[in-house]
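Hi,

Here is the structure I said I would pass on to you. Have a look at it first, and then read my notes below.

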Amino acid sequence: MLSAGITMVGFSRLWALAGALALLVVAVAAVNKGEGAEEKGEKMVLFIFTEHCFDVFLTNGLLAGSLDIFDVPCIKLTISKALGYGILVFSGLLKAPQIYNILKKNKDATGISASAFYFDVAGYTVSPVYGFRKGFPISTYGETFIILVENLVLVLLLWTYAKGAAAASTSFKLIATGFYACFAAAVLHLPDELLYVLPMLGSSMVLYSRLPQIYMNYSNGHTGQLAIVTWVLNVVGVIARVFTTATELDDPYQLASHTVAMVLNLTVVVQILMYREATRDALAKEGGTSSSTEGSRKSARLRAKKD
């Protein structure tokens, strides 16, 4: 009862924090509304400056000996561009800790929700297609291509190393692959007038990818092989993406999608921290069971050779 009470208090604080973050996002969006339009039609200098901002900061600023460089719209837009390209460059590291956990730690996928991975793949298929077809700057969505590839790798690892009831049959793998191919084709060929559906679909996919994992963590009482580094990077990245979307794009659908992802990723991080002791015990028990089973098999083989 005490543990459940602590858990409920923890989640109450989490959702209170999530609500405050959501309000902050709305406020940022209101302040930045329309500022992204300033960039349209302007060439970029060194990837992160518009010509106007380059002149403000350097040509007419520091290089001219002027300290009048505190142009707030330019500061926000330049920071947003730098963040966007930073996310793009480092996105390859996002899922690396999770992949490492599965490959190097007994080749085990304990505590990982298969449905979470499948919906993650679908969600990260929608995002890059929407950004590309809307003509958004690559700095606002480019990392989703890389994360999609990482998610596909994780699905293959799950299919390879999942045990017991979690293991997928060959027929299921073939059906899932065919369904994904049809889904990707449908998203790519969606009529332009229906493109607004994609961010809402992406938000739904994020919701369905996180909720099974959150529920599994809660019901198991531990978080298995989930890598905290991956999930913390998820939170940091999506908070940065909320800022870049609010600054560069006048797109409430995209902003809402990133806000939902921010709240759900934060939930998983809080669970990993709350259940860290139980997770350590569960993995130690799983490792002990695996070692015992392997030892029994070796003994049986030795007895068979003697006989």
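This is a predicted model: local features need pLDDT of at least 70, side-chain atom pairs count only at pLDDT 80 or more; totals for chains, interfaces and linings use all residues.

Let's begin with Ser-80, which lies in helix α3. (Helices are DSSP runs of H or I with at least four residues, strands are runs of E with at least two, and both are numbered from the N terminus.) Ser-80 is buried, with a relative accessible area of 0%. "Buried" means under 20% relative accessible area, "exposed" means over 50%, and "partly exposed" is in between, using a 1.4 Å probe and protein chains only. If you set aside its neighbours within four places in sequence, Ser-80 is in contact with Phe-243, Thr-244, Thr-247 and Glu-248; contact here means heavy atoms within 4.5 Å.

Residues are numbered from 1 along each chain as its sequence is written, and side-chain values use heavy atoms, with hydrogens and water left out.

Now the whole chain. It has 11 helices and 2 strands, and in sequence order they read α-β-β-α-α-α-α-α-α-α-α-α-α. Of its 307 residues, 42% count as buried. Among contacts with a separation of 6 or more, 79% are between residues 24 or more positions apart. The accessible surface comes to about 16500 Å², and carbon and sulfur atoms account for 69% of that. (Those areas come from the Shrake-Rupley method with a 1.4 Å probe; for residues, only the protein chains shown count as cover.)

Next, the cysteines. How many disulfides are there? The count comes to 1, where a disulfide is a pair of cysteine sulfur atoms within 2.5 Å. Cys-53 and Cys-74 form it, with their sulfur atoms 2.2 Å apart. Cys-53 sits in helix α2 (residues 51–59) and Cys-74 in helix α3 (residues 72–90), so the pair ties together parts that are 21 residues apart in sequence. The torsion about the S-S bond of Cys-53 and Cys-74 is about -90°, so this disulfide is left-handed. Cys-53 is buried at 1% relative accessibility, and Cys-74 is buried at 0%. Cys-182, on the other hand, counts as exposed at 56%.

Leaving aside neighbours within four places in sequence, Gln-254 touches Tyr-130, Pro-199 and Thr-245.

On a 1 Å grid over the protein atoms alone, a cavity is a set of points where a 1.4 Å probe fits but cannot get out, and a pocket is an open set with protein on both sides within 12 Å along at least five of seven lines; lining residues have an atom within 4 Å of a point. Grid points are joined across faces, edges and corners, and a volume is the space filled by probe spheres set on the points.

- Cavity: the search finds 1 of 30 Å³ or more. The largest cavity has a volume of about 90 Å³, and its lining includes Lys-95, Asp-120 and Trp-231.
- Largest pocket: its volume is about 600 Å³. It is lined by 34 residues, and Tyr-124, Glu-143, Ile-147, Gly-237 and Val-238 lie nearest its centre. Helix α9 gives the largest share of that lining, 7 residues.
- Second largest pocket: about 430 Å³ of space lies in it. Of its 16 lining residues, Tyr-118, Val-121, Ala-176, Phe-179 and Tyr-180 lie nearest the centre. Helix α7 gives the most to this lining, with 7 residues.

What classes of residue line the pockets? The lining of the largest pocket divides into 17 nonpolar, 13 polar and 4 charged residues. The second largest pocket has 15 nonpolar, 1 polar and no charged. (Ala, Val, Leu, Ile, Met, Phe, Trp, Tyr, Cys and Pro count as nonpolar, Asp, Glu, Lys and Arg as charged, and the others, Gly among them, as polar.)

Cheers!
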